[in-house]
Amino acid sequence: MARTKSPETIAAANGIGLDQGHGAVTPPIYLSSTFAFAGFKQAREYDYSRTANPTRSLLADTLAKLEGGAGAAVVASGMAAVDLVLATLAPESFVIAPHDCYSGTQRLLAARAAKRQFDVLFVDQSNQTAFGDALDRRPALVLIETPSNPVMRIIDIRAVAVRAKAAGAKVAVDNTFLSPALQRPISLGADFVIHSTTKYLNGHSDAVGGAVIASDPADAEQLAFWSNATGVCGSPFDAYLTLRGLRTLFPRMAYQERTAACIVAYLERHPKVAAVHYPGLGSHPGHEIARAQQTGFGAMLGFELAGGVDDVRRFVEAVEGFTLAESLGGIESLIAHPATMTHASMSEEARRVAGISDSLLRLSVGLENAEDLLAGLEVGFSAL
Ligand SMILES: *Cc1c(COP(=O)(O)O)cnc(C)c1O
């Protein structure tokens, strides 16, 4: 029997060496919008690139294999991926979303709900009573994000999925923060996996994109139908870049996680740091669940300065090696101040409930040398 390929091999080699035309080792990029019919009434596998395109299909196939799904749709952004899942909802549907979900997801859900396209409730899914009450309303969809942004709260995917399914809901997990290298939600009971491929999957901060992977073939067909019907598909060029980035997903993740652990250890000891949020820490409230459902703790972390907002300004102005920017998951290290950047559109009260203090900073750890990054952080601390 043929050996099942390991995920590392799929990421590195899916589609390699299959070119029939010239024996190209790297799969060629197909930018053509349209494809010739072989003859009258003889459409080939591809006819028009909105519907399907060979370069985009290879990325979709690779992602479906990595996540263990039946099929995938590759779309123009992570937000388009969330919206594609919403497009599959029947009229009058009720959706449960995390109370601390990605701000763009919160905005999309609230804006569509305001147009009565469905009802949405934002719930702390680790609060069993609140979640149980929400499930009594028979949701069609439960959306999970774990780890959450930016305090890295962990949700038990298997436990939430069991309860959601018993209530008749489908389960979608936004897996952007970990990627299939560290977490495979379908194996834990999810029906859909959502990605902003902009982040770890592409990993080079040079393309915006998204994907949805479906566990069930009928759901995968629905995704393909809606992607074609709405025209939200990703461009072949972006798919090519993303596939190129995806080839090194596993070694990038392993290296970035190792460096993140060094930084966490340094921050934990630092007298000017009041708290560190990283699921790899034994003291993190989600540590045990993260250990059970993830194969690594990732390279995203949050930490709080002991001083106030003035210290935050001094720190981000002085720190070296980390660029002050939104987004995450690239080869370059970034620092963000959620209260004034990624989460600025939230009310102060909503930020407080989500645990986002004004002195919280978020790091996305890249591929630079760990000692260089530690030295750069120390420059920031010496300015306080
Ligand atoms: C960035 C992000 C999104 C949105 O993705 P875009 O590619 O920016 O549209 C959705 N969910 C999470 C968790 C994200 O980090």
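Which side chain does a polar contact join to that of His277? I looked it up: the side chains of His277 and Glu304 are joined by a polar contact of 2.7 Å. A polar contact is a pair of N or O atoms within 3.5 Å; within protein, one must be able to donate a hydrogen and the other to accept it, and residues adjacent in sequence count only if both atoms are side-chain atoms.

Before going on, I noted that this is a predicted model, in which local features need pLDDT of at least 70, side-chain atom pairs count only at pLDDT 80 or more, and totals for chains, interfaces and linings use all residues. Residues are numbered from 1 along each chain as its sequence is written, and side-chain values use heavy atoms, with hydrogens and water left out.

**His277.** I found His277 in strand β8 (residues 273-277). Helices (H or I, at least four residues) and strands (E, at least two) are DSSP runs, numbered from the N terminus. His277 is buried, because its relative accessible area is 17%; buried means under 20%, exposed over 50% and partly exposed in between (1.4 Å probe, protein chains only). Leaving aside neighbours within four places in sequence, I listed the contacts of His277, among them Val151, His284, Phe303 and Leu360. Contact means heavy atoms within 4.5 Å.

**Val171.** I then turned to Val171, which is in strand β5 (residues 170-174). Val171 is buried, with a relative accessible area of 0%. Not counting residues up to four places away in sequence, Val171 touches residues including Val142, Ile144, Ala190 and Phe192. I also checked Val160: its C-alpha atom is separated by 8.6 Å from that of Val171, and the two residues are 11 residues apart along the chain.

**Backbone entries.** Most residues other than glycine have a negative phi, and most peptide bonds are trans. I looked for exceptions.

- A cis peptide bond, with omega about 0 degrees, joins Thr146 and Pro147. Pro147 is in the loop between β4 (141-145) and α6 (157-166).
- Asn149 and Pro150 are also joined by a cis peptide bond, with omega about 0 degrees. I placed Pro150 in the loop between β4 and α6.
- Arg116 is not a glycine, yet has a positive phi of about 60 degrees. Arg116 sits in the loop between α4 (103-114) and β3 (119-123), and at 75% relative accessibility Arg116 counts as exposed.
- Arg138, not a glycine either, has a positive phi of about 50 degrees. I found Arg138 in the loop between α5 (128-135) and β4; Arg138 counts as exposed because its relative accessibility is 56%.
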